[in-house]
Amino acid sequence: MTRRTWLFEPEGVVPYDAANDAMHDLARRRLDDVIPDAAILLQHPPVFTAGRRAKPEHLVWSEDEATAHGAEVHHIDRGGSFTFHGPGQLVGYPILHLGGRPDAARYLRSLEAAVIRTGAELGVQLHRRGDVQTGVFAGEDKVCAIGVRLMRTRVTLHGFAINCDTDLSWFDGIVACGLPDNGVTSLSRLLDRDVTVEEVRPIVRHALAAELDLAFEEAPADELALLRSPLVA
């Protein structure tokens with residue numbers, strides 16, 4: 001059955017705290033069945049986020065060093081270790097009710113499949129790895145990090161981050177996803193051309209709709225206001 005899903009696509013870069021607060025607010029209301037499913041597709045200013053499995057040594061730069069470079073550090077309630085979000089990276093936060101018998105593993109595989117489908121549409125072969133809990137790779141290099149949480153084991157939070165034309169030097173500040181022997185890459189590097197968030201966003205939107213059976217509609221104006229305050233330098 002196709003799922004009616006509000007779509008949020010704010011312009012510019014959205015501060016992490018604002019997006020995190022909006023995501024949790026939407027999830028609480030979705031859990032109470034007040035609103036339909038939702039999905040947020042956006043960009044953040046530079047920020048390192050640490051999931052519940054993050055180890056201190058996975059932050060290569062100290063928090064002071066990260067701040068000096070112009071990035072924030074946030075400890076959050078998703079799974080996984082450290083990752084980076086920033087301009088040139090498409091971040092997706094699906095907020096979906098998985099029903100009375102939620103299958104978190106199936107949901108993760110669907111997110112991976114959507115990213116792999118996106119790569120195929122652009123002309124690059126991506127894959128998941130059986131020896132890694134989640135994520136999408138090109139060879140041994142990760143192009144998309146995935147980390148989620150289920151609110152009361154029902155409603156999804158957090159999501160995925162696809163490196164489009166991301167400045168990959170930011171990843172020098174962390175052991176990305178706690179995988180010291182693997183690198184990171186971007187769609188731009190893989191395709192040897194500039195692949196922007198604006199190019200990738202509609203492809204991801206269609207891939208998510210196909211893999212998760214979503215019917216997107218623009219979120220109501222008063223709801224869009226939650227994410228309409230892009231960061232002002």
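Start at Ala 39, which sits in strand E2, residues 37-42. Keep in mind that this is a predicted model. Is Ala 39 buried or exposed? Its relative accessible area is 3%, and the cut-off for buried is under 20%, so Ala 39 counts as buried. Setting aside residues up to four places away in sequence, Ala 39 touches Thr 5, Trp 6, Leu 7, Phe 8, Tyr 93, Pro 94 and Phe 216. Gly 86 is 47 residues from Ala 39 along the chain, and their C-alpha atoms are 19 Å apart.

Now the cores. The largest nonpolar core has 32 residues, and Phe 160 and Leu 187 have the most contacts inside it. Among the elements that each supply at least two residues of this core are E2, helix H3 (104-122) and strand E9 (155-163). Helix H5 gives the most, with 7 residues. Beyond four places in sequence, the contacts of Phe 160 include Leu 41, Pro 94, Leu 111, Ile 146, Val 204 and Leu 208. There is also a second, separate core of 26 residues, with Val 14, Ile 95, Met 151 and Leu 227 among them.

Last, helix H1, residues 16-31. How far apart are its end C-alpha atoms? They are 22 Å apart, and at 1.5 Å a residue the 16 residues should span 22 Å, so the two agree. Buried residues in H1 include Tyr 16, Ala 19, Met 23, Leu 26, Ala 27 and Arg 30. After H1 comes Asp 33, with a positive phi near 65°.

Technical notes. Residues numbered from 1 in each chain as written. Predicted model: local features only at pLDDT ≥ 70, side-chain atom pairs only at ≥ 80, totals over all residues. Heavy atoms only, no water. Helix = DSSP H or I, 4+ residues; strand = E, 2+ residues; numbered from the N terminus. Buried < 20%, exposed > 50% of the residue type's maximum accessible area, 1.4 Å probe, protein only. Contact = heavy atoms within 4.5 Å. Core = buried A, V, L, I, M, F, W, Y, C linked by side-chain atoms within 4.5 Å. Expected span 1.5 Å × (residues − 1).
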